[in-house]
Amino acid sequence: MIVVIAATHLLSENRNMNARTINRIELVYRAVRFGFLLALGVLALSALFATGAPVKTGNRSNPNAASTATTSLKSPDKGQIPVAFLISDGAVVIDFCGPWEVFQDVMIPGREQMPFGLYTVAETKKPIRTSGGMQIVLDYTFENAPRPKVIVIPAQSAPSPAVLDWIRKSSKTTDVTMSVCTGAFVLAKTGLLNGKSATTYHGAFGRFATQFPDVQLKRGARFVENGNLATAGGLSSGIDLALRVVERYYGREVARKTAYNMEYQGEGWMNPDSNQIYATSPVSTSEHPLCTVCGMDVDPKSAPKSIFNGTTYYFCSEDDKKTFDAAPDKFITAVTPQSAISGSSN
């Protein structure tokens with residue numbers, strides 16, 4: 001009887017110990033499960049906030065960094081988005097034909113009509129000569145042109161007061177007014193860029209900084225956006241800014257498909273800071289002299305030159321020499337002291 005009682009007591013203790021052990025295991029399991037679920041919740045919330053937050057690529061440590069916090073654009077439910085190409089004599093072909101190709105190649109599934117309606121506009125309908133001698137007959141003048149939602153301003157001849165006035169008035173209702181290359185000079189002359197940031201062709205950084213001190217020049221930016229104003233770097237940069245505009249209207253996949261159909265493999269439209277190779281000015285030396293204004297190669301034996309404060313500066317054209325001579329001290333400060341070449345005064 002005693003043995004039986006002892007065995008029964010021992011069995012009872014084992015059961016109690018097993019129960020306690022199982023309870024501990026259950027507690028541990030529940031704690032682990034709770035921690036796992038909590039971690040999943042935190043990750044989900046982090047992803048949600050990251051997706052909902054605006055994308056900002058600006059870098060405070062890099063004064064030349066460009067931001068893409070610009071909002072998306074609402075496309076019309078029906079009809080086309082009118083795009084005006086403002087051109088005049090000397091307009092650089094790729095500056096406007098590159099964006100033209102982008103906008104004309106956009107296709108929206110399920111829509112028969114192309115989303116962008118393109119036209120040229122100028123002060124008069126007199127045929128113009130572009131870079132390389134191409135002749136263009138204009139579609140409209142300022143008086144009869146449709147009201148644009150997008151304006152493209154390529155590099156071209158100096159604008160008249162009528163041109164600047166049309167840009168100012170039209171930009172009050174545009175979704176985007178964009179310049180390409182030194183078209184930024186035309187846009188800056190309207191005063192619309194004052195107090196804002198912008199970029200232009202890398203060979204014109206010095207002239208732009210000197211001529212428009214109220215505009216913050218972004219060197220090394222593929223494009224810069226400020227509300228409904230946007231500026232692209234030189235030449236092919238206009239293609240990227242146009243693709244960026246397409247993305248703002250119709251999303252990244254439509255823009256990506258447009259680039260694919262064009263067989264355009266550049267991805268600068270997804271990264272405004274992708275022109276960093278141009279962020280610093282090339283260094284001019286006596287062995288390899290560069291134009292102080294545009295940074296292009298020059299032949300010191302025949303190139304125009306000026307002497308300022310005992311230093312000889314070379315230029316690739318008389319126009320660049322005149323630009324420098326008008327304000328050499330300001331120009332040197334705006335460009336870089338590195339572009340100077342020490343030389344004789346002969």
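## Sheet, core and confidence in a predicted model

Val 150 stands opposite Val 176, a residue of strand E7. In this predicted model, strands E6 and E7 run parallel to each other and are paired over four bridges. Both belong to an open sheet of seven strands with mixed pairing, in which the order is E5-E2-E1-E6-E7-E11-E10. Strand E5 (140-141) and strand E10 (223-226) form the edges and have a single partner strand each, so one side of each is left without a neighbour in the sheet.

| Helix | Strands touched | Direction angle |
|---|---|---|
| H2 | E1, E2, E6 and E7 | about 155° with E2 |
| H6 | E1, E2, E6, E7, E10 and E11 | about 165° with E7 |

The largest nonpolar core has 39 residues, and those with the most contacts inside it are Phe 103, Phe 116, Val 152, Met 178, Val 246 and Tyr 249. The elements that contribute two or more residues to this core include strands E1 (81-86), E2 (116-122), E6 (150-153), E7 (176-179) and E11 (229-232), together with helices H2 (93-105), H6 (237-250) and H7 (252-261). Helix H6 provides the largest share of this core, namely eight residues.

Which residues does Met 178 contact, once its neighbours within four places in sequence are left aside? Met 178 is in contact with Pro 99, with Ile 151, Val 152 and Ile 153, with Ala 230, and with Gly 238, Leu 241, Ala 242 and Val 245.

As to the cysteines, the structure holds zero disulfides. Cys 97 is partly exposed, with a relative accessible area of 32%, whereas Cys 181 is buried, with a relative accessible area of 5%.

Confidence should be kept in mind when the model is read. The mean pLDDT of the protein chain is 83, and 76% of its residues reach 70 or more. Over residues 40-61, however, the pLDDT is below 50, and this stretch has 12 contacts in the model beyond near neighbours in sequence. Residues 336-346 likewise have a pLDDT below 50, and that stretch has 24 contacts in the model beyond near neighbours in sequence. Where pLDDT is low, predicted coordinates should not be read in detail.

Methods: Residues numbered from 1 in each chain as written. Predicted model: local features only at pLDDT ≥ 70, side-chain atom pairs only at ≥ 80, totals over all residues. Heavy atoms only, no water. Core = buried A, V, L, I, M, F, W, Y, C linked by side-chain atoms within 4.5 Å. Buried < 20%, exposed > 50% of the residue type's maximum accessible area, 1.4 Å probe, protein only. Contact = heavy atoms within 4.5 Å. pLDDT = per-residue confidence, 0-100. Pairing = 2+ DSSP bridges. Axes fitted to C-alpha atoms, helices over the stretch in contact; angles between N-to-C directions. Disulfide = S-S within 2.5 Å.
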